[in-house]
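Here's a quick tour for anyone opening this structure for the first time. Have a look at it below, and then we'll start with one residue.

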Amino acid sequence: MHIEEALCKMNNRVIKAKDLSRGLYFSKYKGYLYCKEEECTAKLNFVDGNNRVKFFRTNPSTNHKIGCPSEVNHDENAGETKKKSYENRLNINNKHMNDTLERAFKKFISGSASNGGVFNKKPKYINSIKIKGDNVGGNPELFNDGLDIIGRGPNISTRFFSNLEKNDEGQIRCVIGYVNSMQLMQRHGYINLTPKGQNSVKVHFAEYFVVNNESEFNNMKIIDEYINLMNSIKEPIICCCIGRIKYVKIGINILIDRYQGFALNGMGFRRILAYMNEYKERGELT
Ligand SMILES: [Zn+2]
């Protein structure tokens with residue numbers, strides 16, 4: 001899994017991970033790095049891990065050729081490598097996730113209020129919010145890619161959606177924004193925080209989410225109904241979510257791993273379902 005060297009297809013040179021920096025990678029090499037084995041087309045990502053350990057990791061969307069040493073290496077040492085690279089990454093449990101979303105929403109609301117109205121633009125301090133965890137010293141992780149710990153868990157940094165930056169790439173962030181619309185497809189979906197056509201920021205419910213939250217994903221259309229309802233009465237929808245930041249061609253995706261990972265106007269998934277149920281029964285808003 002830890003690959004030391006990559007082939008840069010721009011100049012056909014081999015580059016060592018230890019010679020790279022995040023800045024250099026994002027400005028020059030991102031998208032051009034491949035497995036250096038002949039005829040292997042696997043793409044590589046640069047990882048500047050904890051403790052300053054730098055290495056390349058196989059881009060999850062690509063595969064090594066059959067028999068590629070990098071692939072073998074990955075399999076043979078999977079257990080140990082995994083433990084090593086993940087020991088500083090700690091899974092966020094549901095309670096910590098819940099608390100974090102709740103606090104982020106409350107701070108955002110009160111910050112906006114003191115800033116001249118609840119639904120005014122972004123409060124100034126928003127990027128300095130860090131929702132306190134147990135100060136256990138690790139980085140937050142999702143997708144069960146980290147270690148489980150007892151207690152509240154690691155600190156999670158909060159960003160307003162328009163303030164996400166390149167160095168948030170790959171990191172777990174609590175993101176706040178306003179919902180524009182929702183798109184639901186067969187096996188994935190998006191909550192759009194920006195109008196269509198712009199450099200988009202989207203909450204992404206991808207394959208992992210669908211597989212691990214099957215019944216909730218099937219009920220996502222109710223979330224869509226809620227968004228449409230709020231839009232129809234011109235009520236703003238504040239979205240708080242916790243996910244992994246991923247830069248894609250057309251903007252930024254925030255990858256969510258479970259249904260507890262987002263809240264709209266302070267309501268989690270189940271509360272929105274209950275709200276919509278009640279609305280349908282009464283035929284009016286409560
Ligand atoms: Zn390879």
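## A salt bridge along a helix

Let's begin with Glu 102, which counts as partly exposed because its relative accessibility is 44%. The cut-offs here are simple: buried means under 20% relative accessible area, exposed means over 50%, and partly exposed is in between (1.4 Å probe, protein chains only). Lys 106, with a relative accessible area of 53%, is exposed.

The side chains of Glu 102 and Lys 106 meet in a salt bridge, at 3.9 Å from N to O. That term means a side-chain nitrogen of Lys or Arg within 4 Å of a carboxyl oxygen of Asp or Glu. The two residues are 4 apart in helix H4, so about one helical turn separates them.

## What kind of model this is

This is a predicted model, in which local features need pLDDT of at least 70 and side-chain atom pairs count only at pLDDT 80 or more, while totals for chains, interfaces and linings use all residues. Residues are numbered from 1 along each chain as its sequence is written, and side-chain values use heavy atoms, with hydrogens and water left out.

## The overall picture

The protein has 8 helices and 17 strands. These are DSSP runs numbered from the N terminus: helices are H or I with at least four residues, and strands are E with at least two. Of its 286 residues, 46% count as buried.

Now for contacts, meaning heavy atoms within 4.5 Å. Take those between residues at least 6 apart in sequence: 61% of them join residues at least 24 apart.

The salt-bridge count comes to 14. In one of them, the side chains of Lys 16 and Glu 5 meet at 3.3 Å, N to O. Lys 16 sits in strand S2 (residues 13-16) and Glu 5 in strand S1 (residues 5-8), so this pair ties together parts 11 residues apart in sequence. Lys 16 counts as partly exposed at 35% relative accessibility, and Glu 5 also counts as partly exposed, at 21%.

Glu 5 has a salt bridge with Lys 36 too, at 2.5 Å from N to O. This pair links distant parts of the chain, 31 residues apart: Glu 5 is in strand S1, and Lys 36 is in the loop between strand S3 (33-34) and strand S4 (44-48). Lys 36 is partly exposed, with a relative accessible area of 39%.

## A buried lysine

Leaving aside neighbours within four places in sequence, Lys 202 is in contact with several residues, including Tyr 190, Ile 191, Ile 250 and Ile 252.
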